[in-house]
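Trainee: I would like to go through this structure with you, one question at a time. Could we look at it together?

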Amino acid sequence: MCVMQTLIKECLKGVPPEVEVVARDEGLSPRQAARAITRGRITVAANPRRPHRLSAIGEGCRIKVNVNIGTSGERCDPALEIRKAQAALENGADTLMDLSTGGDLPAMRKAILALDVPVGTVPIYEAVRRAGNAAEVTSDLLFNVIREHCRQGVDFLTLHCGVNQAAFSALRLDPRVMGVVSRGGAFHVAMMAATGEENPLYSEYDYLLEILSEADVVASLGDGMRPGCLYDAERLAKVTEYVTLGGLAKRALAAGVQRFIEGPGHMPLDQVGYNVQMLKEVSDGAPLYLLGPLVTDVAPGYDHVVGAMGFAVAAMHGADFFCMVSPAEHLALPDIDDIVEGTRVAKITAHAGDIVRFGAGAHARADLKMAEARRRLNWEEQFKAAMYGEHARTIHERDGDLETCSMCGDLCAVKMVRDILGEREK
């Protein structure tokens, strides 16, 4: 494989064309964007082997939403996964992750990589499938799979480098109700338990960075020790991994490799803010990628709402990237309706976070348009201002073509005060 100039190294010399593109999209100056990339504050996942639309994640950028898709051993339907991916994109997803564990994994990945979007994967999943079980995965197998994903055009890789012997010891020293809920994290724990050796992604981290640098692929430093229930939120393994990930993030930046940090699982609402700030502090402001946090454990079927609660708070404290949580979380492989519902809730949450992030300026203009349209009882303008206007139209029209909504009817406060003030729709 020929050595490529990574985006970080290109930005040290000037402003590459792809940075010009994302800077325009985010309302940043190109030089400002390039500086943020060299400092590790913005990540642009764009494997040079595969052209696709770009998405910048991090400081000064709009909050982005990722959607996970992929086959499982219990439900392997590649065509359905592609339809789910398309549904996610149609409803606003900024990136996709292929979490496939069933069927022809390279073929599934190839089909997803044909879509016009940044794509991430979790190489340990395929390594385990090839080995037969996690305990049989070798360092050589894992690194070979990582190289294959890079060569195939994957833009970012979830790599559980922080699940090391120190984190494993912390787990045993301070036991948790749910143990390890990250599938990738559990695989690495199984590898270490079987061999007594260190996680190769940690012990051979410099070698991993060489592979990623050659391919110009982003490291998504995975949260393999994230808490899987509220009770586990303050246990030692999580914090041990945080500190490790912070150090690894700095080493990646020094090697010219882009990265972001994943975290932090399930935790009470009042712990979300300081966990985000802790991750930002130990990683020197690296972009932060969250699933949730989920702030209660008792709402299966509504975990997309639970996740949105946590992420709204996380966004206020600096989180940059949100992994969609579907209504099927903890229950089943999502179907298309789950993907649509989860993606929409995630995008709405990201929009609310952007309003806080940037102030009530450009990112709140749609909200002002909605308010003005509601004051005038102009339903068509309301549907245009809505993020998902056709869905809103369907609900409004259930009770016929009314001037007001059917809840208030002739007692509509907006209409009453508008009439008192002498305002009329022109």
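What follows is a set of questions and answers on the fold, the backbone and the charged pairs.

Mentor: Before you start, note that this is a predicted model, in which local features need pLDDT of at least 70 and side-chain atom pairs count only at pLDDT 80 or more, while totals for chains, interfaces and linings use all residues. Residues are numbered from 1 along each chain as its sequence is written, and side-chain values use heavy atoms, with hydrogens and water left out.

Trainee: How many strands make up the closed barrel?

Mentor: Helices (H or I, at least four residues) and strands (E, at least two) are DSSP runs, numbered from the N terminus. Two strands pair if DSSP finds at least two bridges between them. In the barrel the pairing is parallel, and the order runs 3-4-5-6-7-8-9-10, closing with 8 strands.

Trainee: Which residue of strand 6 is the bridge partner of Gly120?

Mentor: Strand 5 (residues 119-121) and strand 6 (residues 156-159) run parallel and are joined by 2 bridges. In strand 6, the partner of Gly120 is Phe156.

Trainee: What angle does helix 12 make with strand 8?

Mentor: Axes are lines fitted to C-alpha atoms, for helices over the stretch in contact, and angles run from 0 to 180 degrees between N-to-C directions. Contact means heavy atoms within 4.5 Å. Helix 12 (residues 236-254) packs on the sheet, where it touches strand 7 (218-221) and strand 8 (259-263), and its direction relative to that of strand 8 is about 165°.

Trainee: Which residue is joined to Pro264 by a cis peptide bond?

Mentor: Pro264 sits in the loop between strand 8 and helix 13 (269-282). The cis bond has an omega of about -25°, and the residue it joins to Pro264 is Gly263.

Trainee: What is omega at the cis peptide bond between Gly292 and Pro293?

Mentor: Look in the loop between strand 9 (288-290) and helix 14 (303-316), where Pro293 is found. For the cis bond joining Gly292 and Pro293, omega is about 5°.

Trainee: Is Asp216 buried or exposed?

Mentor: Asp216 is in the loop between helix 11 (205-215) and strand 7, and has a positive phi of about 55° although it is not a glycine. Buried means under 20% relative accessible area, exposed over 50%, and partly exposed in between (1.4 Å probe, protein chains only). Because its relative accessibility is 12%, Asp216 counts as buried.

Trainee: How far apart are the end C-alpha atoms of helix 15?

Mentor: The expected span of a helix is 1.5 Å times one less than its number of residues. Helix 15 (residues 336-358) has 23 residues, so it should span 33 Å; in agreement with that, its end C-alpha atoms are apart by 32 Å.

Trainee: Which residue caps the N-terminal end of helix 15?

Mentor: Look for a side-chain oxygen that lies 3.2 Å from the backbone nitrogen of Asp337. That oxygen belongs to Asp335.

Trainee: What covers the buried residues of helix 15?

Mentor: The buried residues of helix 15 include Ile339, Val340, Val345 and Ala346. Their cover includes strand 3 (64-69), helix 4 (78-90), helix 14 and strand 10 (321-323).

Trainee: How many residues apart in sequence are the parts that Arg41 and Asp284 tie together?

Mentor: A salt bridge is a side-chain nitrogen of Lys or Arg within 4 Å of a carboxyl oxygen of Asp or Glu. Arg41 and Asp284 meet in one at 3.6 Å, N to O. Arg41 lies in the loop between helix 3 (30-38) and strand 1 (42-44) and Asp284 in the loop between helix 13 and strand 9, so the parts they tie together are apart in sequence by 243 residues.

Trainee: Is Glu126, which forms a salt bridge with Arg109, buried or exposed?

Mentor: The closest N and O atoms of Glu126 and Arg109 are 2.8 Å apart. Arg109, at 3% relative accessibility, counts as buried. Since its relative accessible area is 5%, Glu126 is buried.

Trainee: What is the relative accessible area of Lys384?

Mentor: Lys384 meets Glu381 in a salt bridge (3.7 Å, N to O). The two are 3 residues apart in helix 17, so about one helical turn separates them. Glu381 counts as partly exposed at 32%, whereas Lys384 is exposed, with a relative accessible area of 63%.

Definitions and conventions
Polar contact = N/O pair within 3.5 Å; in protein donor to acceptor, adjacent residues only side chain to side chain.
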